[in-house]
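Please have the sequence and the structure open while I talk.

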Amino acid sequence: MKIEYIEAKSILVRNTNPKNWFDIHFNINGYRGCQHDCIYCDSRSDCYHINEFSDLIIKSNAAELLEKELLTKRKKVTIGTGSMSDPYIPAEKHIRLTEKILQTVIKYKYPFHITTKSDLILRDKELLREINKTFLTVCFTITTCNDVLASKIEPKAPSPSRRLRAIQILSENGIYTGVLFQPILPFLLDSEDNIRETVYQVAQSGGKFIIPWFGVTLRKGQKEYFLDKIGSIFPEIQEKYIRSFKNQYICNSDKSKELYKFFENLCKENNIIYKMQDVQNFQTRYPCRQMTIFDFMESKI
């Protein structure tokens with residue numbers, strides 16, 4: 001794995017459909033590439049023009065750029081991180097780039113959303129508590145609660161049990177926390193047992209929402225990588241993918257409708273939110289919140 005530091009020219013990327021994804025209006029990725037080696041990661045697709053996704057590019061000026069770009073905004077909208085690369089990859093432990101980004105978010109009192117697979121986020125618990133005074137959601141990606149199975153398809157990510165423990169700790173600290181239950185790999189994870197165990201464990205850990213998808217994306221670049229990896233672990237499943245999905249990009253479980261109904265009922269029984277439109281967000285809590293002169297003055301203190 002190679003590590004390269006660069007000076008980025010810009011850092012905030014506009015999300016054209018915020019209502020479809022946690023009401024995030026801008027995404028920030030301090031890192032390019034990832035160290036978790038999940039076999040299904042869509043970010044390996046050729047369309048993202050990342051030559052080697054296991055290599056790490058560090059945008060060393062990310063926090064400074066964020067501050068500069070936030071000064072041009074007049075409306076308080078949610079910024080998200082974790083869309084392309086996990087903000088809490090192992091390298092963050094000593095690089096501390098995400099930590100600097102959080103400090104900038106605190107300075108300008110912006111609502112924030114974090115998606116991660118790592119309990120390293122607990123290092124920044126006090127910073128998260130401060131952001132939460134404005135607004136914060138934290139979302140852990142979990143595809144299965146089986147630590148052994150997860151170690152095969154997410155080999156370098158913290159175990160699901162560690163993520164569930166992090167959900168519990170953040171929830172106990174008043175932080176709105178939930179789960180992205182996706183991708184649910186057809187022929188491997190699309191079972192009632194996997195759904196039942198995940199909903200139960202998230203509910204027991206204090207998670208407030210679970211957003212599912214019973215399928216996976218496979219497009220050029222990622223598809224070849226995925227089929228090679230799944231073939232080395234589960235050869236019989238590789239054949240099912242080739243036979244069932246051929247050149248499809250969206251590869252849904254053939255049991256999607258039945259599984260979603262089963263999942264929906266379990267969420268209702270456990271008081272878990274399962275629809276994106278019902279997840280809390282900053283705009284519904286504080287509609288049309290504008291930057292004021294007081295916000296600007298406080299950011300200078």
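Strand E3, residues 24–28, pairs with E6 in the parallel sense, and four bridges connect them; please keep in mind throughout that this is a predicted model. Within that pairing, Ile28 stands opposite Thr81 in E6. E6 is also joined to strand E7, residues 112–116, by three bridges, and these two strands likewise run parallel, with Ile79 standing opposite Phe112 in E7.

Let me turn to the loop between helix H1, residues 62–70, and E6, where we find Lys76. Is Lys76 buried or exposed? Its relative accessible area is 2%, which is under 20%, and therefore Lys76 counts as buried. As for its side chain, a polar atom there lies 3.1 Å from the backbone oxygen of Tyr108, and the backbone oxygen of Lys109 lies 2.5 Å from a polar atom of that Lys76 side chain.

Finally, the helices H8, residues 222–233, and H9, residues 235–245, have axes that come within 5 Å and cross at roughly 145°. On the H8 side the contact includes Phe226, Leu227 and Ile230, and these belong to a group that meets H9 residues, among them Ile237, Tyr241 and Ile242. Sorted by class, this contact of H8 with H9 has eight nonpolar, two polar and one charged residues.

Note on methods. Residues numbered from 1 in each chain as written. Predicted model: local features only at pLDDT ≥ 70, side-chain atom pairs only at ≥ 80, totals over all residues. Heavy atoms only, no water. Pairing = 2+ DSSP bridges. Axes fitted to C-alpha atoms, helices over the stretch in contact; angles between N-to-C directions. Contact = heavy atoms within 4.5 Å. Nonpolar A, V, L, I, M, F, W, Y, C, P; charged D, E, K, R; others polar. Buried < 20%, exposed > 50% of the residue type's maximum accessible area, 1.4 Å probe, protein only. Polar contact = N/O pair within 3.5 Å; in protein donor to acceptor, adjacent residues only side chain to side chain.
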